[in-house]
Amino acid sequence: MSTNGYLDMDLLRFTTAGSVDDGKSTLIGRLLYDSRSIFDDQMEAVEQASSKRGNGEVDLSLLTDGLRAEREQGITIDVAYRYFATPKRKFIIADTPGHIQYTRNMVTGASTANLAIILVDARKGIQEQTNRHAFIASLLGIPHIVFCINKMDLVDYDEAVFKNIQQQLEDFSSKLEVRDLNFIPISALKGDNVVNRSSRMDWYQGSTLMYLLENIHIAGDRNHIDRRFPVQHVIRPMTDEWHDFRGFAGQIAGGIFRTGDAVQVLPSGFQSTIKSIHLGEREVQEAFAPQSVVMTLNDEIDISRGDMIVSPNNLPKSSQDIDVMLCWLNERPLQPNGKYALKHTSRDARCMVKEVTYKMDINTLRKLDEDKQVGMNDIGRVLLRTTVPLHFDNYARNRNTGSLILVDEATNETVAAGMIV
Amino acid sequence: MHSYRLTHLKELESESIHILREVASQFDRPALLFSGGKDSILCFHLARKAFFPAKVPFPLLHVDTGHNFSETIEFRDRLVKEHGATLLVGSVQKSIDEGKVQEETGYYASRNKLQINTLLEAIETNKIDCAIGGARRDEEKARAKERVFSHRDEFGQWDPKNQRPELWNLYNGRKRPGEHFRAFPISNWTEMDVWQYILLEQIPIPSIYFSHEREVFLRDGVLYANSPFMRLKPDEKPFMKRVRFRTIGDMSCTGAVDSPAATLEEIIEEVASTRTTERGSRMDDKRSEAAMEDRKKEGYF
């Protein structure tokens, strides 16, 4: 791996959904193994563990089972992150379990993903959980979905089986908001169409999974239109050299900022222009999402953490009434009229649950108007009233300014993930 | 026409800086765990970027096992002086002298596990509410499931089955009095990312990462530096060899690699072609399949 090539790679984050039976761990093991991302000592440990269990052949799925309880029970409990790189890209996999009780983990893994791989067992076709996974991927705004129809070896690599499942998935997905759908017939176990093209499915002309992962266009996934800069931290060195320096630090959540740009500060509404932009010790003329920078302004305005610097002719919405799709992540269900701490961009607030509009049946996509109990792993549309205004965009427009979490003030646990509608 | 595309290293850098600023904003008394190894050096480098032109707003905390490579300590002291950083030291030797922990005995005696006690004590004495660590998720299976903001109870324990969900870039650092957090800003970096970034940014690192002549001995297929801290078995004979260290930890558990790599470029070549993980030469991880998970539950970082 040459240094020059390495410095020009970009980053693709993807999530994988599917249960153990779908061969998800085997697929990840295959991606890692065939891309030569597994080290000898890791392989040695897996071989040892395989022989201890006495299941004969080396079980690639063991590469991804992390915690002792998981190894003992043979299931994945929590989100695990894996890393591999090819000469083209670096990949971060959020490996999440597929069982219904772990919807919260899939939501967690999906929140930062550019792409979701959803596994379907070719013998079984679409299962309840397939729809659930596709819905969550769409709800979390993952721009690219890849359905891998796995275990093609067990259906004699039959094109009709693949086409039939693809047709059903396309019908279902038309109800979802997904920009980019892909279908690949694979066998993770045998390696067909994962990294290497299969010679047993001549009828399939599309790309292998690895080719798709390496080449799919992701530069357009970021919002570079709406300027949004949530202020995270105020930097005041108070040294002789930087006596009057007052910089606003944060990670750009949307758009491109240039020195000289007119900006408005929320919630105060004061306007100014950008004096300088700093990337570490370097001064730059422009910066864009998701860069972490420091900005200074030409006017002395009182700005603190939780404020947002935006473009005056392209403002986010500002409101204390927030209409949100909530995914509930905690054993203690959502309390009607309950109060929670809320985190949105760099802003902390408190909120009250005003109303549960409906709960989703995530298997049928039906809206349940009668049953409004939102418990662990449920998804519901909820109206919140916040103590201070939030400055936000719709989640579909900007995943950074459209997302929030709720925190139980008694236990301090993160209890819900919210996508602003 | 500009390209508004970030390379993966720049994206990782941006993510890490965001995390470090979040730590500084959400906690009253954070500290950066500093071992003198490349990962903690990287964290300090990123922290300097995060707060420039202000100074890094938290101290460095070194948990000193007393079994150090002298080159690491010299490097640490030079870095602290050059950047005007504050250094706190928690001493395992002191914990032993005070009878709080007992030294292991035998050939495989290591102070690695004893660090846990000293670390937790240093956190308590200095009232640190968030200890920033340079751990990476690619290092080890238990670490692959660690959160960026990792909650610890009042005994400093990690409960892997009851971690807070972590979504988007929203980090929940709320806690009760007496509890603290660990934060891992370089969670998503791999060993290769770290080396490439060190080269890109020309970050100084201790000399023992580069090939040098040293007295070593062979144990269980791993080369160890001969030092007063190691008790040799009768059949173990020290000899001179050109080696370097892939990781820097306590001398009693950090293995050397037989390597001619004397520049960053050569190290990167070597890392790219090497077929074992970094921690493959760490005696502390070899104790059992769940060695890291067990130590982490008790409060290891």
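A residue counts as buried when its relative accessible area is under 20%. In this predicted model, A:Asp226 has a relative accessible area of 3%, so A:Asp226 is buried. The residue sits in the loop that runs between helix H8 (209–215) and strand S7 (228–230) of chain A. There, the side chain of A:Asp226 forms a polar contact with the side chain of A:Asn223 at 2.8 Å. Leaving aside residues up to four places away in sequence, A:Asp226 also touches A:Gly254, A:Gly255, A:Asn314 and A:Arg397.

Turning to the meeting of the two chains, 86 residues of chain A are in contact with 71 residues of chain B. Together the chains bury about 7,000 Å², and carbon and sulfur atoms account for 53% of that area. Polar contacts link 29 residue pairs across the interface, with both partners at pLDDT 80 or more. On the side of chain A that touches chain B, helix H3 (residues 40–53) gives the most, with five residues. That side of chain A comprises 38 nonpolar, 24 polar and 24 charged residues. Charged partners also meet here: eight salt bridges are counted between chain A and chain B. One of them joins the side chains of B:Arg5 and A:Asp10, with an N to O distance of 3.6 Å.

Within chain B, helix H2 covers residues 38–51, 14 residues in total. From first C-alpha to last, helix H2 of chain B reaches 20 Å, close to the 20 Å expected at 1.5 Å a residue. Of its 14 residues, 13 are buried, so H2(B) is largely enclosed by the rest of the structure.

Methods. Residues numbered from 1 in each chain as written. Chains lettered and ligands numbered in written order. Predicted model: local features only at pLDDT ≥ 70, side-chain atom pairs only at ≥ 80, totals over all residues. Heavy atoms only, no water. Helix = DSSP H or I, 4+ residues; strand = E, 2+ residues; numbered from the N terminus. Expected span 1.5 Å × (residues − 1). Buried < 20%, exposed > 50% of the residue type's maximum accessible area, 1.4 Å probe, protein only. Contact = heavy atoms within 4.5 Å. Buried area = accessible area lost by both parts, 1.4 Å probe. Salt bridge = Lys/Arg side-chain N within 4 Å of Asp/Glu carboxyl O. Polar contact = N/O pair within 3.5 Å; in protein donor to acceptor, adjacent residues only side chain to side chain. Nonpolar A, V, L, I, M, F, W, Y, C, P; charged D, E, K, R; others polar.
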